[in-house]
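Subject: Structure handover

Hi,

Here is the structure I said I would pass on to you.

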Amino acid sequence: KEFDHTPFKSQRFIKAGVVSFKPKRGVIEAAVGDTIVMEMEINRLRQNTDGSFDTSVDILEQAPSSAWAFIQPDGLVTTKNIRYTYIVSTPSVSWLNLVLYDDVVMRYQLKVRANNVVLVYR
């Protein structure tokens, strides 16, 4: 239920200086073959993100589950507006982890539908 309102935000979310993100809700519904576009705006470029953090989300060093997708920004991060694209290729992925500067910043829950209904997130 918690993802109905907003995606999960790690402590790295604050260190990255995220000021806005889309979609606003934490659950994304899509079908295999759909393209999901997520956006994030940060208030500063590359900052030192070292320091205390939540080790429960420091999962890039652990063996990832097949239910987790780790999504890098589309291209180099040279502006404060960052775009992420994910093409749903399998129904087994249920978590979309947005990575910034090698850290998971946010996590969306992905619910894969059987049909190809078009949904627009704002």
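Below is what turned up in it, going from the whole chain down to single residues.

A quick note first: this is a predicted model, where local features need pLDDT of at least 70 and side-chain atom pairs count only at pLDDT 80 or more, while totals for chains, interfaces and linings use all residues. Residues are numbered from 1 along each chain as its sequence is written, and side-chain values use heavy atoms, with hydrogens and water left out.

**The overall picture**

The chain has one helix and eight strands. Both kinds of element are DSSP runs numbered from the N terminus: helices are H or I with at least four residues, and strands are E with at least two. Going along the sequence, you get the pattern β-α-β-β-β-β-β-β-β.

Of the 122 residues, 37% count as buried. Here buried means under 20% relative accessible area, exposed means over 50%, and partly exposed is in between (1.4 Å probe, protein chains only). The chain exposes about 7,100 Å², and carbon and sulfur atoms supply 50% of that; the areas come from the Shrake-Rupley method with a 1.4 Å probe, and for residues only the protein chains shown count as cover.

Now take the contacts between residues at least 6 apart in sequence: 68% of them join residues at least 24 apart. A contact means heavy atoms within 4.5 Å.

**How the strands pair**

Strands of a sheet pair through backbone hydrogen bonds, either parallel or antiparallel. Two strands are called paired if DSSP finds at least two bridges between them.

Four of the five residues of β3 are buried, so β3 is largely enclosed by the rest of the structure. β5 and β7 also run parallel, joined by four bridges, and the partner of F70 in β7 is N97.

**What is packed inside**

Which residues touch the most other members of the largest nonpolar core? They are I36, M38, M40, Y86, L96, L100 and L110, out of 25 residues in that core. β2, β3, β4, β5, β6, β7 and β8 each supply at least two of its residues. A nonpolar core is a set of buried Ala, Val, Leu, Ile, Met, Phe, Trp, Tyr and Cys residues joined through side-chain atoms within 4.5 Å. Leaving aside neighbours within four places in sequence, L100 has contacts that include M40, I82, Y84 and V105.

Next, find F13 in helix α1 (residues 11-15). F13 is buried, at 12% relative accessibility, and beyond its neighbours within four places in sequence it is in contact with V18, F21, V105 and M106. F13 and D103 are 90 residues apart in sequence, yet 9.2 Å apart in space, C-alpha to C-alpha.

R113 sits in strand β8 and is buried too, with a relative accessible area of 15%. A polar atom of the R113 side chain lies 3.2 Å from the backbone oxygen of E29.

Most residues other than glycine have a negative phi, and most peptide bonds are trans. Against that background, a cis peptide bond joins K22 and P23, with omega about 0°. P23 lies in the loop between β2 (18-22) and β3 (27-31).

In the loop between β7 (95-100) and β8 (103-113) you will find Y101, with a positive phi of about 55°. D102 is in that loop as well, and its phi is positive at about 70°. Are they buried or exposed? Y101 counts as buried at 17% relative accessibility, whereas D102 counts as exposed at 57%.

Cheers

Notes: Polar contact = N/O pair within 3.5 Å; in protein donor to acceptor, adjacent residues only side chain to side chain.
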